[in-house]
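Biologist: Please show me the model, and then let us discuss it in detail.

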Amino acid sequence: MNPRALFASLLPKTKPQRNSTNPSSRFLQTLTNSMATIDGDPDDILCATDTTLSDTSEVVPSLDMPSRVLTGVTRVERAWAHWKALGAPRFLVAPMVDNSELPFRMLCRKYGAEAAYTPMLHSRIFSENEKYRSMEFTTCKEDRPLFVQFCANDPKILLEAARRVAPHCDYIDINLGCPQRIARRGYYGAFLMENQPLIKSLVETLAVNLDVPVSCKIRIFPNLDDTISYAKMLEEAGCSLLAVHGRTRDQKDSSKFKADWSAIRAVKQALKIPVLANGNIRHMADVNSCLEETGCDGVLSAETLLENPALFAGYKTIEWREEGDEYGGLDQADLAEEYLRLCEKYPVPWRMVRSHVHKLLGDWFRIHPEVREELNKQSTLTFEWLYDMVRRLRVLGARVPLYGGRNVVDDKIAVNGAAG
């Protein structure tokens, strides 16, 4: 089922009253408006369906408040104990809407990723709709360590969603970094940054009601002191691990704005819990430099992994090839075929498959755009058609190799051991 049909299944049979003040009606009306104005963009569709709180200063108190409230020292000790028990993973697949699903996570894990995030899940829809849950969240026993990420602006709803996945993951992650305009309309992600009492409530509610630790992923403020104050608040609220994207909310274009590793380093130095860095990761040399410059405990990659899921195994695309780099015995078509086989084993919506094929074979399509046009014309995809498309690209001579690889990079990987 495509995203439009999925969200249509949430709508009532009768049209909601336009002026209804019922929260459910307002949610459904927002959903209807979103579907009318967003032309099938999966990111926008997923992000558009939350409703702004009527009073953004209102904070929902923690729900159960168990007696096991921990001191700050104990929380930090437990945060580090958990992180080390997972192997202190340094190379992580970042959360990506529609693009960090199970088959892709498993592909990245094969090639060196030591942990991974799910795509961002919408906490309200996840709580309410079984079809959404079954389509958007899948995992397997090998899919660990695993962060399950939610966007939210209601602590109660977030807790309900988190409880459904807590037995199947190692962290519940709160998305506090989505910078898209749709997050502004939905009032979540980076657009909660000015409402830190609400953010604190989201974190505290999970921290005191779940056994699985809470993590957060943020963007930086333009002012470093504000960023550090923000990060400390999250730590004090019960966040056990913080991932920091080194760009501000307004710096959406990674090709124009370089991530600020010095700001990430300042956050790492100010906090006592594990900190991960995100931004400017194109190949393993960047991974090593980022670990060294920030002092962080791990690195997230997103966009680069979409083109090269073997990044953490030391492979690089031709764009980043340097003198002396040799062909690594692997190319993106090999990775595309491996991804398709994983999709056959772990089914996901076809929109995700299509998206990954486009990104994995982008360099190949630039050489033979007629093959890309054929792909775009397919209203219905099959694995047989996709495998044949890859075969035809090979026959046409469009091969674009990857360079480097495990035998080249293993000895160069900087080990930045976590220190509690």
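The questions and answers below concern a predicted model.

Biologist: Is Cys290 buried or exposed?

Modeller: Cys290 belongs to helix H13, which spans residues 284-294. The relative accessible area of Cys290 is 0%. Because the limit for that class is under 20%, Cys290 counts as buried.

Biologist: Which residues does Cys290 touch, not counting residues up to four places away in sequence?

Modeller: Ala277 stands 13 residues from Cys290 along the chain, and their C-alpha atoms are separated by 7.5 Å. With residues up to four places away in sequence not counted, the residues that Cys290 touches are Trp261, Ala277, Ile281, Gly295 and Val299.

Biologist: Which residue just after H13 takes a positive phi?

Modeller: Within H13, the buried residues are Met284, Asp286, Val287, Asn288, Cys290, Leu291 and Thr294. Just after this helix, a positive phi of about 70° is found at Gly295.

Biologist: How many salt bridges does the count come to?

Modeller: Side chains of opposite charge can pair when their charged atoms come close. The rule applied here asks for a side-chain nitrogen of Lys or Arg within 4 Å of a carboxyl oxygen of Asp or Glu. By this rule the number of salt bridges is 20.

Biologist: How many residues apart in sequence are the parts that Glu194 and Arg249 tie together?

Modeller: Glu194 and Arg249 form a salt bridge, with their closest N and O atoms 2.9 Å apart. Glu194 is in the loop between helix H9 (181-186) and helix H10 (196-209), and Arg249 is in the loop between strand E7 (239-245) and helix H12 (261-270), so the parts tied together are 55 residues apart in sequence. Glu194 counts as exposed, because its relative accessibility is 57%.

Biologist: Is Asp331, the salt-bridge partner of Arg399, buried or exposed?

Modeller: The side chains of Arg399 and Asp331 meet at 2.8 Å, N to O. Arg399 lies in the loop between helix H19 (383-395) and strand E12 (401-404), whereas Asp331 lies in strand E11 (residues 327-331), so the pair ties together parts 68 residues apart in sequence. Arg399 is partly exposed at 40% relative accessibility. Asp331 has 0% relative accessibility and therefore counts as buried.

Biologist: Which residues are linked with Asp331 in a network of salt bridges?

Modeller: Asp331 forms a salt bridge with Arg399. The network of salt bridges links Asp331 with Asp334, Glu337, Arg394 and Arg399.

Biologist: Where is Arg392, the residue whose side chain meets that of Glu374?

Modeller: The side chains of Glu374 and Arg392 form a salt bridge of 3.0 Å, N to O. The pair links distant parts of the chain, 18 residues apart, with Glu374 in helix H18 and Arg392 in helix H19.

Biologist: Is H16 roughly parallel or antiparallel to H18?

Modeller: Helix H16 (residues 350-360) and helix H18 (residues 369-377) have axes 12 Å apart and pack at an angle of about 175°. Because angles over 145 degrees fall in that class, H16 is roughly antiparallel to H18.

Modeller: The axes of helix H8 (residues 155-165) and H10 come within 9 Å and cross at roughly 35°. The residues of this contact divide into seven nonpolar, three polar and one charged. The crossing of H8 and H10 is right-handed.

Terms used. Residues numbered from 1 in each chain as written. Predicted model: local features only at pLDDT ≥ 70, side-chain atom pairs only at ≥ 80, totals over all residues. Heavy atoms only, no water. Helix = DSSP H or I, 4+ residues; strand = E, 2+ residues; numbered from the N terminus. Buried < 20%, exposed > 50% of the residue type's maximum accessible area, 1.4 Å probe, protein only. Contact = heavy atoms within 4.5 Å. Axes fitted to C-alpha atoms, helices over the stretch in contact; angles between N-to-C directions. Parallel < 35°, antiparallel > 145°, perpendicular 65-115°, else oblique. Left-handed = near helix turned anticlockwise from the far one by under 90°. Nonpolar A, V, L, I, M, F, W, Y, C, P; charged D, E, K, R; others polar.
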